[in-house]
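User: I'd like to go through this structure with you before I set anything up. Could you take me through it bit by bit?

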Amino acid sequence: MSSPASSPTSSPDRLEAHDVHVQAGSFPAVRGVSAAFAPGEFTAVIGPNGAGKSTLLRALVGLTPVTRGEVRLAGRPLRDWSRAERSRALAFLAQSEGLPAAARVRDVVALGRGAGDWRFGLLPRSPWTAEDEAAVDAALDRTDTRRFEDRRVSELSGGEAQRAALARALAAQPRFLLLDEPTNHLDLAYALEVVRYLRCEVAGGLGVVAVLHDLNLAARADRLVLLHAGQVLASGRPADVLTPAHLHAAYGVRVRVVQDADRLLVIPED
Amino acid sequence: MKFPVLTLITLSAALSGAASATSYPLTLKDDLGRTVTVKAEPRRIVSMLPSTSETLCAIAACEKLVGVDTYSDYPQQVTKLPKMGGLYDPNIEAIIAQKPDLVLVSKYGKLEGPLTQAGITVVAVNPETYDEVFSKTLTLGRVVNREAQARALVTRMKSDIARVEILTRNVVRKPTAYLEIDPTPYSVGPNSFMGVLLTKAGARNIIPASMGDFPKVDPEFIVKANPQLILGVDAKTAGARPGWNSIGALKTGRVVTIPTELNTMLGRPGPRLPQALRGLAKIVHPELFK
Amino acid sequence: MEAAASDRRGAAGALALPLKTAGLVLLLLSAVVLGTGLGSVTVPPGEVLGALWRGVTGQELAGNDVIVWQIRLPRVVMGVLVGASLSVCGGAFQGVFRNPLADPYLLGVASGSALGATIAIVAGWPRTLIPVTALLLALAAVTCTLILAREGRRFPPNRLILAGVVVGSVLSAATTALILRGEDRARQVLAYTLGDLGFSGWLDVLTVLPYAALGGGVLLLLARALDTLQLGELTARSLGVPVERLRLITVVAASVATAGAVAYVGVIGFVGLIVPHVVRLLFGPGHRTLLPLSALLGGALLVYADLLARTTPLSQVGIVTTLLGGPFFLWLLRRQSSE
């Protein structure tokens with residue numbers, strides 16, 4: 001609650017939540033969350049089921065209306081951004097929405113170039129340019145998916161498909177990438193792989209905000225935001241957030257947190 | 001009450017020269033292929049087919065009717081009888097409530113099951129071809145103990161038909177004709193009931209027997225056949241159909257809708273067959289009936 | 001390695017698509033040629049060409065000319081128009097609902113137009129009114145579905161599908177009730193619900209054309225947005241596609257085109273369901289190829305089906321499409337699941 005990131009000052013390039021409330025029907029899913037996310041930083045949003053993680057993420061991308069407070073991008077309220085600007089700046093990787101099975105990988109990635117500048121959001125304005133092509137190539141290269149760009153999505157393994165989805169999100173060359181449980185349903189090896197690719201992008205200046213379930217995976221992030229019942233319980237460096245006290249308060253489970261080499265390990269105690 | 005009826009039967013039997021009271025129980029094969037036994041002379045009959053209602057009334061069995069289907073509208077007497085529903089929506093309860101001892105049904109309905117179960121004698125009679133009009137009339141006569149009257153009716157019908165045929169058979173110029181029974185379009189083959197009447201009325205049907213009795217016709221076939229007479233379509237509709245303005249009948253204005261009453265008779269293989277034929281012949285050859 | 005893969009893609013992509021497209025174009029052309037050349041009346045090819053020439057140049061038509069120019073050719077063109085409309089709309093519906101079982105009749109167009117036609121038929125109104133009432137009730141049915149499915153400003157797909165089923169059932173029941181009341185016209189109603197190109201003339205073609213062009217044109221323009229939607233609703237929205245707007249426009253455009261087609265020729269089944277599947281199998285799921293190529297294949301198939309209908313005892317084009325389309329669709333499903 002008291003960490004510096006929870007009382008952000010408006011600053012260029014940052015994605016900020018200012019006292020954000022989101023109402024999901026009659027249920028207050030997010031209740032006054034303030035947080036800031038910087039480019040070149042990997043933030044993991046953690047918390048138990050129903051804590052409001054996915055809702056917060058959607059509010060940050062502008063997919064869910066904020067009932068009180070506001071989201072700002074680069075100091076400007078998100079609602080003032082045009083659809084075009086917003087869809088270019090913020091890329092979103094949804095949790096359960098798979099890729100169309102029969103489509104070719106490259107075609108899927110190309111869709112990531114987005115519809116922001118389309119007329120009415122429906123009619124592509126400009127023809128496909130060399131710049132678009134280059135962005136798609138780059139996204140494929142950076143996720144090592146170019147090798148199978150001609151394969152159909154249905155022919156990919158789970159890890160390959162998730163990398164293709166990542167490439168799709170990167171094709172827009174966004175400033176921020178927001179991912180809702182990107183490692184869900186993935187084997188440990190693939191999950192680590194996804195985090196590794198994300199790390200690379202972060203090193204290149206991308207701001208990454210990921211909802212993660214696995215605390216040990218989340219421990220690899222630069223910063224953590226721990227949500228509980230729609231509010232921020234703690235945020236800051238992993239070592240400051242992943243404490244037995246915080247985790248017991250959030251999950252109701254007693255844990256041991258041990259330092260192993262340069263990583264934290266969260267071990268539940270039965 | 002019974003006495004005059006019996007007298008009438010005796011009288012007509014004497015006239016037709018045959019003592020022909022039906023002896024019951026009568027066993028016959030009906031149009032559903034079932035073997036049915038009529039135990040005694042039916043006195044309370046429900047007719048579920050308009051042609052059957054007409055025939056019964058034409059053979060002096062009208063007073064036996066206690067109910068008819070919705071579409072029975074001839075002769076006048078049957079219109080006053082309780083209505084028992086139509087082919088697809090018969091009112092079975094109403095039928096049973098009339099306590100009939102015989103129900104005459106169409107073979108296309110589904111009445112025989114429930115009614116038989118209810119202990120009611122059911123006979124399916126469907127005259128469909130020209131010849132069947134006569135044979136089924138005789139069958140009905142036998143079933144309701146009006147055999148002599150049925151025979152007399154058939155004789156009368158045949159002589160009425162002959163009177164029309166004498167006029168039409170030797171006409172020199174018989175027009176080619178297309179008779180539309182349904183704008184989808186369907187027509188009639190020469191062996192169908194209406195087809196036979198069309199030919200007897202002195203027209204040359206453009207539909208060959210090989211196309212069947214009620215063929216769906218390809219419009220281009222009709223244009224190619226170029227009939228001199230078109231029946232069953234109004235001139236405006238015919239003119240609006242693509243390519244039809246090139247047909248002879250449209251050029252000479254011989255596109256004729258069939259009057260409702262005649263149309264009913266044409267679709268009802270029953271005792272008014274000679275009238276139907278005469279009506280049709282008047283349309284095909286108006287010059288013969290001046 | 002990567003360059004090789006890219007080359008292979010380039011070669012396959014550059015060759016396969018135009019080749020298969022050319023195949024479809026040929027199929028459509030052959031359908032038009034055979035559909036115009038063959039029929040229940042035999043017209044020698046020379047005469048067919050002569051008739052076409054005289055028709056195009058506006059000369060006096062006589063004999064077989066009338067059959068070729070005023071009956072067969074408009075019938076063929078109508079087949080192309082209707083087949084193309086239904087197929088494009090089917091493809092768009094499958095895309096916008098992300099449901100492979102969607103067809104153009106999903107939201108009640110078919111039952112609406114059937115009821116409209118039945119009212120006109122049973123009431124004994126002039127034949128020329130049938131398409132008018134059919135069109136009006138088809139559009140009314142879709143409007144009803146939209147109103148029932150509306151949730152604030154949103155039209156959730158599941159509610160749309162459900163509302164479509166309900167509207168369809170209610171209207172079908174009304175149609176059946178009317179048919180039973182007007183028994184002697186049951187065959188006409190049946191014929192309409194099976195679909196028939198029988199009396200399609202140039203005037204009908206010209207009347208259907210705007211619906212097909214407008215609806216189909218809008219859908220073709222939406223192809224890329226529909227592609228994006230295949231990533232999922234949230235993702236599409238995050239990419240800047242106004243999904244609700246896309247859904248509404250797609251549904252309205254497809255319904256208008258379908259209603260226009262169906263009003264004039266009756267409810268032809270299966271074309272709108274199957275054709276997009278075949279095209280997807282051949283060319284992949286991208287709507288920029290799927291929609292125009294579905295138009296080509298759908299147009300060709302319907303003309304062939306109509307040719308079968310008028311030269312065999314199958315008698316109505318809708319019977320042919322359903323009779324042949326049904327088993328073919330099953331085969332397709334089995335093939336896909338075994339892969």
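Analyst: A word on charges before anything else: Lys and Arg count as positive and Asp and Glu as negative, while His and the chain ends are not counted, and the place of a charge is taken as NZ of Lys, CZ of Arg, CG of Asp or CD of Glu.

User: Before we go on, what kind of model is it?

Analyst: It is a predicted model, in which local features need pLDDT of at least 70 and side-chain atom pairs count only at pLDDT 80 or more, whereas totals for chains, interfaces and linings use all residues. Residues are numbered from 1 along each chain as its sequence is written, chains are lettered from A and ligands numbered from 1 in the order in which they are written, and side-chain values use heavy atoms, with hydrogens and water left out.

User: OK, staying with chain C, how many helices and strands are there?

Analyst: Chain C has 14 helices and zero strands, where helices (H or I, at least four residues) and strands (E, at least two) are DSSP runs numbered from the N terminus. Its radius of gyration is 21 Å, close to the 20 Å that the globule rule gives for 339 residues, so chain C is as compact as a globular protein of that length; the radius is taken over C-alpha atoms, and the rule is 2.2 Å times the number of residues to the power 0.38. The C-alpha atoms of chain C fill a box of roughly 65 × 50 × 40 Å along the principal axes.

User: And what share of chain C is buried?

Analyst: Buried residues come to 54% of the 339 in chain C, with buried meaning under 20% relative accessible area, exposed over 50%, and partly exposed in between (1.4 Å probe, protein chains only). Of the contacts in chain C with a separation of 6 or more, 74% join residues 24 or more positions apart, a contact being heavy atoms within 4.5 Å.

User: Now chain A, what's the secondary structure there?

Analyst: Chain A comes to nine helices and 12 strands. Its radius of gyration is 19 Å, close to the 18 Å given by the globule rule for 270 residues, so chain A is as compact as a globular protein of that length. The mean positions of its 32 positive and 32 negative charges are 4 Å apart.

User: Is Ala167(A) buried or exposed?

Analyst: Ala167(A) counts as buried, at 0% relative accessibility, and its place is in helix 5 (residues 158-170) of chain A. Leaving aside residues up to four places away in sequence, Ala167(A) touches Val109(A), Ala139(A), Leu140(A), Thr143(A) and Thr145(A). The C-alpha atoms of Ala167(A) and Gly112(A), 55 residues apart along the chain, are separated by 8.1 Å.

User: Where do Arg151(B) and Glu147(B) sit relative to each other?

Analyst: Arg151(B) and Glu147(B) are four residues apart in helix 7 (residues 147-169) of chain B, so about one helical turn separates them, and their side chains meet in a salt bridge of 3.6 Å, N to O. Arg151(B) is partly exposed at 33%, whereas Glu147(B) is buried at 17%.

User: Which residues form the network in chain A?

Analyst: Arg106(A), Glu133(A), Asp137(A), Asp141(A), Arg146(A) and Glu149(A) are linked in a network of salt bridges.

User: Last one, how many residues of helix 8 of chain B are buried?

Analyst: Seven of the eight residues in helix 8 (residues 193-200) of chain B are buried, so that helix is largely enclosed by the rest of the structure. Helix 8 is followed by Gly202(B), whose phi is positive, near 95 degrees.

Notes
Salt bridge = Lys/Arg side-chain N within 4 Å of Asp/Glu carboxyl O.
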